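Biologist: I would like to go through the charge pairs and helix packing of this model. Could you start with one of the residues involved in pairing?

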Amino acid sequence: MAARLGGADLAALQNKAKRDPEGYLDEFELQRRHFLAELSLFKLHPQKNSEEFVELVMFMAQVAASYPKQTTNLPQQLMELLETNAAVLSPTLRKTLAQALIMLRNRKQVGPTQLLPLFFRLFRCRDKELHQLIFRHIIADIAKCNKRKQDEALNKALLGFLRENIENEEEFVSKKSLAIIAEMYRRNIWRNSNAVNVLACGAKHPSSSILNACLNFFLGNEVDDEPDDSSDEEEEEKDMLLRASNSAAGVAGPSKREIYAAYKKGTFSTKKKKQAKLKRVMMTVKKQARREAQGEGQGGIAALHLLHDPQGFADQLFARLSKGAETFEARLKMLQVISRTIGVHKLILLQFYPFVQKYMMPQQREVTLILASLAQATHDMVPPDVLEPVLRQLVNNFIHDRARPEVVQVGLKSVRELCARQPLIISDILLQDLASYKTDKIKGVRMAARSLISLFRSVAPQMLHKKDRGRAVQESLLSKGAPKLQPYGAGEVLNRIPGVELLESDDHASQSEGDDLEVEERSDSDLSSGSADAEYSLEESSDHDSGVSEEEAEESQAAGAQVESQEGLSKSEVEKEGMSANGTEAEDEHNSLRSLKRKVAEIRSEKSCDNASKGLLSTEMLRTLTPEDFSLMKRRKQEKLLEAQMVTHGLKSMAKSSDGKGPKLHSLHEKRVAPGDLGPTIRVRQEKSMRLAKVYEGREGREFGASAKFKHKKEGGRSNKEKEKAKALPAAARLKKAKARIRDKGKGRLARKKQFTGKKKH
């Protein structure tokens, strides 16, 4: 066979060599020697494009797995050719050599760390297709190596190499390294602190594009608050709600009665409103469950929580921000990242707040984003003396009589967000002055002022005017049960597992039921022993009742209705016990009402002593909490949150709710402040066509007019009115009915003639 083969012949030989390597060993050796000769010739003129050499390279890469001994040096030969002549090679040959090396790597004939330096050097070549090919291979190769389990040694070596590339001054290589780490983080492969801290090194790079990529990573890896639900069909909503209401589901849901009320009770419009409210409630509960699953409440896997040195990271970014060398958009991103880092880790960066203070003007571009960053950087560990000048300037610039309503709304909402995180920064006089905007003629201003009032009703109602506190808060103030502001630096120290009190409430409920059953059993046994001879007439029982002393009556009243209900004794049984007291003295001591109540009191005292001894120790100290207990705690939290949301949306009354407020499942300083939440609420005037389109959209499935009820699809049979119209009557009855109809029409015409139509002209 000739050494030089065409493309079709080489492909046929490749197929046969894969099927029978031993039978085609001589042909392979011939082509291998031909490849080495072409390689030596190609090194003399690397800029020359040779299609024959391209075909030989792909042939050798394809059959290398069938002849591993003969192709041991093939990867090294291709890597040397690419490394020395990558800049002068033609794009087709350069891409072919890269594809051949990728094929050898996929068949594990090359190590993962051998190709990575070469591929990063190839990023310097201006070849977009080659860049995409290499980037996709690196991502897929790392994901494949960590598919079954994390290869810690390989990941450590790769992260060390990528860190060197990020710290390198070459912009394109650093940018690709950042992109690889960010993609691995997004795919949950390198979701650890090592990858995040390597990526945080990009903030030190002098290039603005590398800094921008690093900031985008920290801004884009926050948990999305918007629910992703693309189903709007009624049946799918029903299925979703019914699945959520199942006890085996992971998320607590509304009961079947509430779902039935939303879909079957009321008119079409009220059912539609209740369905929308129920859907919003479920979205809130699902969103909270998603946060808990991802660990957002305790920091979890968000990128900012994984920083080893958040204070140094924030100081470094703020030093670069203070220089002002970057563009305005880059400075805004730096401001957001710094504020979120301060808020998440509760850092103390006192020079940050005066820096933001100079941008707090209504005419400032992106002022809502700046104010949102200021609110995000505020927490209870920031000294109030530092924030008081910031709040004063915010009020002076945004909230005054000459300001536009939109500006006042932004100012009031910003004040509320600041005071929610650090309520010590505002005084009583200023708060009452801001609360006076609740009577403003602009609805948005009124709502913003009322939200500030509602915040301080739950935080510090003493600072509000008496008329703004509300009746319930005022009563709690009189009973000294209202919340009070804690001094600066005072924090709540947890001495128990959060949510374990929900388990205790279940334990107490089951324990009280068991106590009642035990008391009933013991009282019934005592009654049965003494009620065999208790057969008296009604007259004797009445005489005995009249002879009961006043002391016995007082003791029976002191025992209370609660003891009698827990004993399970009816009035007739008490009378029988009273009638048995006329017997012997032994029977009187054993069967009297006083002796029974004494026994019940002894039982209660024993139980109270046991409960008091157990009350000294919490539930988690008495027994080991199992995974079932933690899942039950999670379920109870979701039920409380669901109940609070149902009350908020008006689907359940406050009287039926066990608790008016939902559980505080995550701290406020970790919550994101969206710039749109601080903006004014402006309703844009719609055109007539848009308003009509919205009206017709709400009429889907409904008909209007006199015969609308007959056009609807009926679920049952015909009504009595319809049956009477279609009823077959005798001839005399039909004639009588027709005469009555004609007579009624005549009366109508006569009545219309007698109507006054105005004075006639003479």
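Modeller: This is a predicted model. R124 has a relative accessible area of 43%, so R124 counts as partly exposed.

Biologist: Which residue does R124 form a salt bridge with?

Modeller: Its partner is E170, and the closest N and O atoms are 2.9 Å apart. E170 lies in the loop between α8 and α9 and R124 in the loop between α6 and α7, so the pair ties together parts 46 residues apart in sequence. E170 is partly exposed too, at 33% relative accessibility.

Biologist: How do α6 and α7 pack?

Modeller: Helix α6 (residues 112-122) and helix α7 (residues 128-145) pack at an angle of about 155°, and their axes are 11 Å apart. That makes the two helices roughly antiparallel. Their crossing is left-handed.

Biologist: And D141, which residue does its side chain meet in a salt bridge?

Modeller: The side chain of D141 meets that of R105, at 3.1 Å from N to O.

Biologist: Are D141 and R105 buried or exposed?

Modeller: Both are buried.

Biologist: How many salt bridges are there in the whole structure?

Modeller: A search finds 16. Among them is R365 with E329, whose closest N and O atoms are 3.7 Å apart. R365 lies in the loop between α17 and α18, and E329 in helix α16.

Biologist: Changing topic, which residues form a nonpolar patch on the surface?

Modeller: I348, L350 and M381 do, with about 230 Å² of accessible area together. L350 sits in the loop between α16 and α17.

Key
Residues are numbered from 1 along each chain as its sequence is written. This is a predicted model: local features need pLDDT of at least 70, side-chain atom pairs count only at pLDDT 80 or more; totals for chains, interfaces and linings use all residues. Side-chain values use heavy atoms; hydrogens and water are left out. Patches are made of residues with over 30% relative accessible area and no salt bridge: like charges are joined within 9 Å, nonpolar side chains (Val, Leu, Ile, Met, Phe, Trp, Tyr) within 5 Å. Accessible areas come from the Shrake-Rupley method with a 1.4 Å probe; for residues, only the protein chains shown count as cover. A salt bridge is a side-chain nitrogen of Lys or Arg within 4 Å of a carboxyl oxygen of Asp or Glu. Helices (H or I, at least four residues) and strands (E, at least two) are DSSP runs, numbered from the N terminus. Axes are lines fitted to C-alpha atoms, for helices over the stretch in contact, and angles run from 0 to 180 degrees between N-to-C directions. Angles under 35 degrees count as roughly parallel, over 145 as roughly antiparallel, 65 to 115 as roughly perpendicular and the rest as oblique. A crossing is left-handed if the near helix is turned anticlockwise from the far one by less than a right angle, and right-handed if clockwise. Buried means under 20% relative accessible area, exposed over 50%, partly exposed in between (1.4 Å probe, protein chains only).
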